[in-house]
Amino acid sequence: MINSEDVFKIGQFAKPHGIKGEITLLIDYDVSDSWDESEDTPYIICDMDGILVPFFIEDYRYKSDSSLLVKLEDVNTEADAREFSNRFVYYPLNKIDAEELTADITWDHLIGFKVIDEHKGEIGRITDTDDTTLNVLLQIDHNGQDLLLPAAEELIKEVNYEKKTLFVSMPEGLLDL
């Protein structure tokens, strides 16, 4: 069984392309280089009704800098491909180079991470990010209440992608607001 902490979101399927089962993959993080280098048949993972399911890639090609046309095994018609429309696409964390991962990371990739303060311990999980202001804010579920933490590099001590944890040094009094 594939667990959510073992995968990394790389993008989202859009709509089918043509009638032979190809589907557009809008990529946030391009892992296709590892598909070419892999000795095994490359695969992606999709959330299918709450279960993470692997799908093997038969073929792919670039449509643009930010999208691929992907042909999955046993997906042979437009109707088959339509089942994947708007689904998030994941890739196994253990197949991603950690240095490459941190170079292309965005704040949205931290959604679902557990936040641990160096003095207060576990604070909660990141549920969303807010980039509508000058400073990006991480929205954290703290005991059922929304807590906003500035996504400032000086507050972040460590990010563990495998364990999906974010170690921070929270400003004094932030939890008391």
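1. A residue counts as buried when its relative accessible area is under 20%. F84 comes in at 4%, so it is buried. Bear in mind that this is a predicted model.

2. F55 falls on the buried side of that cut-off as well, with a relative accessible area of 17%. F13 is also buried.

3. Now the rings. The structure has three aromatic pairs. In one of them, F13 and F84 have ring centres 5.8 Å apart and planes at 75°, so this pair is edge-to-face. It ties together distant parts of the chain: F13 sits in strand β1 (residues 7–17), while F84 is in the loop between α2 (78–82) and β6 (88–92), 71 residues apart.

4. F84 also pairs with F55: the ring centres are 4.9 Å apart and the planes are at 85°, so that pair is edge-to-face too. Here the link runs from strand β4 (residues 51–64), which holds F55, to the loop between α2 and β6, where F84 lies, 29 residues apart. Through ring pairs, F13, F55 and F84 form a cluster.

5. β8 (residues 121–130) and β9 (residues 137–142) run antiparallel and are joined by five bridges. I126 faces I140 of β9, and the hairpin made by β8 and β9 has six residues between the strands.

6. β9 is also joined to β10 (residues 145–150), by six bridges and again antiparallel. H142 stands across from Q145 in β10. This hairpin leaves two residues between β9 and β10, and N143 in the turn has a positive phi of about 55°.

Note on methods. Residues are numbered from 1 along each chain as its sequence is written. This is a predicted model: local features need pLDDT of at least 70, side-chain atom pairs count only at pLDDT 80 or more; totals for chains, interfaces and linings use all residues. Side-chain values use heavy atoms; hydrogens and water are left out. Rings of Phe, Tyr and Trp (its six-membered ring) pair if their centres lie within 6.5 Å; planes under 30 degrees apart count as stacked, over 60 as edge-to-face and the rest as tilted. Helices (H or I, at least four residues) and strands (E, at least two) are DSSP runs, numbered from the N terminus. Buried means under 20% relative accessible area, exposed over 50%, partly exposed in between (1.4 Å probe, protein chains only). Two strands pair if DSSP finds at least two bridges between them.
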